[in-house]
There are 2 protein chains.
Amino acid sequence: MANYQKTTVGDSPRTELHEKLGLTGAEISVNTMPAGSCVPFVHSHKQNEEIYGILSGSGKAVIDGEEVPLQKGDWLRVSPAAKRQFFAGKDTPISYICIQTKEHSLGGFTADDAVIEK
Amino acid sequence: MANYQKTTVGDSPRTELHEKLGLTGAEISVNTMPAGSCVPFVHSHKQNEEIYGILSGSGKAVIDGEEVPLQKGDWLRVSPAAKRQFFAGKDTPISYICIQTKEHSLGGFTADDAVIEK
């Protein structure tokens, strides 16, 4: 496998990067939902922690029944077992990325894992 | 630990989300570099795959000596051993997120790990 892979994400409602980039440690999707819409189901996870980053617009998440307002610049970590659903704003679309990683899978963080070459 | 954590990222040059969100499967940073600047070193990793997503502006990466142009919407996976350095455009700032996960750590991808509640 090459030492890197690159792709470009346009304005699609949902782009999954796993296969496009050959990801082995994360599933990442880039999503846009129109105003007034929502993910049409509540879901949880078995093993995967999810991280959401809001790229533009606003909306909300409902996590175990609690409403969490979301706008550009907000980042959320959601535990695997939490029951979650995402909504665009009533009058505002929302664009966000969703990152799934296996809970407790990261051994070395930046300071431990990086090697400075010069 | 709560079933979720939330933080808001402003215009800082670099915000690391690991401690702010209690991440256990990824290190994520949100970065902005002014026009004409670069990360002042080349680096590689021991175990961690890195994924870069360009949020705005443009610039380039140099990966094992190869120039890779970058602009808003581009996403890159970089293998742990690859030697990499990132540059803002000569006349253009660049904002990007960097996600580190342990290579080969993800077991179940979306279709296997998600549980639909209703």
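This is a predicted model: local features need pLDDT of at least 70, side-chain atom pairs count only at pLDDT 80 or more; totals for chains, interfaces and linings use all residues.
**Ground rules.** I count residues from 1 along each chain as its sequence is written, and chains are lettered from A in the order in which they are written. Local features need pLDDT of at least 70, side-chain atom pairs count only at pLDDT 80 or more, totals for interfaces use all residues, and side-chain values use heavy atoms.

**Interface.** I looked up contacts (heavy atoms within 4.5 Å) and found 65 residues of chain B touching 65 of chain A. The two chains bury about 5900 Å² between them, 54% of it on carbon and sulfur atoms; this is accessible area (1.4 Å probe) lost on being put together, summed over both. In chain B, the residues that lose the most area to chain A are B:Tyr4, B:Trp75 and B:Arg77, together 13% of what that side buries.

**Charges.** Next I checked salt bridges (a side-chain nitrogen of Lys or Arg within 4 Å of a carboxyl oxygen of Asp or Glu). The rule finds four across this interface. I noted B:Lys83 with A:Glu117, where the closest N and O atoms are 3.8 Å apart.

**B:Gly59.** This glycine sits in strand 5 (residues 48–63) of chain B, strands being DSSP runs of E, at least two residues long. B:Ile94 is 35 residues away in sequence, yet the C-alpha atoms are 6.2 Å apart. Beyond neighbours within four places in sequence, B:Gly59 has contacts including B:Val68, B:Phe87 and B:Ile94.

Technical notes
Helices (H or I, at least four residues) and strands (E, at least two) are DSSP runs, numbered from the N terminus.
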